[in-house]
Amino acid sequence: MKRLNTVLQNDGAPLELILLIRTLLAACKEISFRVGQGALAGVLGSTLSENVQGETQKKLDVISNQILKDILSESGYVKAISSEEEETVVPCNPDGKYLVSYDPLDGSSNTDINSLIGTIFSITHAPQWMDPSDPSAFLQPGTQMVAAGYVLYGPSTMLAMTTGRGTHLYTLDKTHGGFLLAEENISVPEQTKEFAINSSNQRHWEAPMQDYISDLLMGSEGPRGKDFNMRWVGAMVGDIHRILCRGGIFSYPFDKRNPKIPGKLRLLYEANPMSFLIEQAGGAASTGAGRILEVMPTEIHQRVPVIMGSKEEVETCVGYHSK
Ligand code: AHG
Ligand code: MN
Ligand code: MN
């Protein structure tokens, strides 16, 4: 089985980027270990604090954020960090070549039920002119990413990553601590019969999403002429992993409850890295109005509507939005 280093070198990744990725993955291995200890290490449950998005932080949100922040800021490769769990950017090394955005623990409501969770990350170049504490350098469209991925803490710890030359899957070999290639150049089937959406929010969706999902639910008796299956992990990493493995469509759509919040998921460290992985595997990722990777961010915690997965199904869903 090929090692991560070999694959990154074959894909032409520059040495400093490889070293940064290895550093980031060292942090993820530590998170994987802490997650695995669960109740034995007293890491489950909530803290008394909220993050900038007004969500109660789980103990593992705080621990994972700290592990990543410590390791990345000491590495020297990183100029600044933006994280779901940090109100503003964290300045690191003024000479660092890269910016890293991350969701330290995605799906953290799953921590207390021993279910799927993961870390999502994206890496871009740091502009030389940039002051490390200035958030504006993070406001680049997703097309500028040089690498993105997630580490899924499941029955096995898996990494999905792209540097723009396909999406590859790796499994952490816990006996020696290395990520070994599980599948190279994964390809998301263009068609699917499986969708993922939190339908408890249905009454808050706009008409195009209402119509699209209602047509899926009519199955073989409706305009789609086939039956669909539904899955919802409650952690985007889990849902996107399933879609990378066997296809499907995932959506967290626009929600009419608060017009100022155009969706739940965050552009920089959820929607963008997942869109890069999905596109590099032959899938598609849209806000309903355009390609997610082309959205110009206006702030680091910006949220976007998300529709991603199997290409033809995403196009069908987006078609309802342009009717
Ligand atoms: P996080 O745990 O990082 O806040 O992200 C949770 C996100 C995403 O992973 C998942 O798809 C979605 O929230 C689940 O939302 P619901 O609880 O509304 O189902
Ligand atoms: Mn998340
Ligand atoms: Mn999170």
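Student: From which domains does the shell around ligand 1 draw at least three residues each?

Tutor: This is a predicted model. In it, 18 residues surround ligand 1. The shell draws at least three residues from each of domain 1 (4–183) and domain 2 (194–322).

Student: Which strand gives the most to the shell around ligand 1?

Tutor: Ligand 1 sits in the largest pocket. Two elements give two or more residues to the shell there, strand 13 (249–252) and strand 5 (98–106). The most, three residues, comes from strand 5.

Student: How many residues of the shell around ligand 1 are charged?

Tutor: Sorted by class, the shell has four polar residues and seven nonpolar ones. The remaining class is the charged one, and its number is seven.

Student: Which residue has a polar backbone atom 2.8 Å from an oxygen atom of ligand 1?

Tutor: A polar contact is a pair of N or O atoms within 3.5 Å. Glu 84 has a polar side-chain atom 2.9 Å from an oxygen atom of ligand 1, and a side-chain N or O atom of Asn 198 is also 2.9 Å from an oxygen atom of the ligand. The backbone atom at 2.8 Å belongs to Gly 107.

Student: What percentage of the area that ligand 1 exposes when taken alone does the protein bury?

Tutor: The polar side-chain atom of Glu 84 that lies 2.9 Å from a ligand oxygen is part of the surroundings of ligand 1. Taken alone, ligand 1 exposes 470 Å². Of that area, the protein buries 85%.

Technical notes: Residues numbered from 1 in each chain as written. Chains lettered and ligands numbered in written order. Predicted model: local features only at pLDDT ≥ 70, side-chain atom pairs only at ≥ 80, totals over all residues. Heavy atoms only, no water. Near = heavy atom within 4 Å. Polar contact = N/O pair within 3.5 Å; in protein donor to acceptor, adjacent residues only side chain to side chain. Areas by Shrake-Rupley, 256 points an atom, 1.4 Å probe, with all protein chains shown as cover. 1 Å grid on protein atoms, 1.4 Å probe; cavity = no way out; pocket = protein on both sides within 12 Å on 5 of 7 lines; lining within 4 Å. Sits in = over half its atoms within 2 Å of the grid points. Helix = DSSP H or I, 4+ residues; strand = E, 2+ residues; numbered from the N terminus. Nonpolar A, V, L, I, M, F, W, Y, C, P; charged D, E, K, R; others polar. Domains from an automatic or database assignment.
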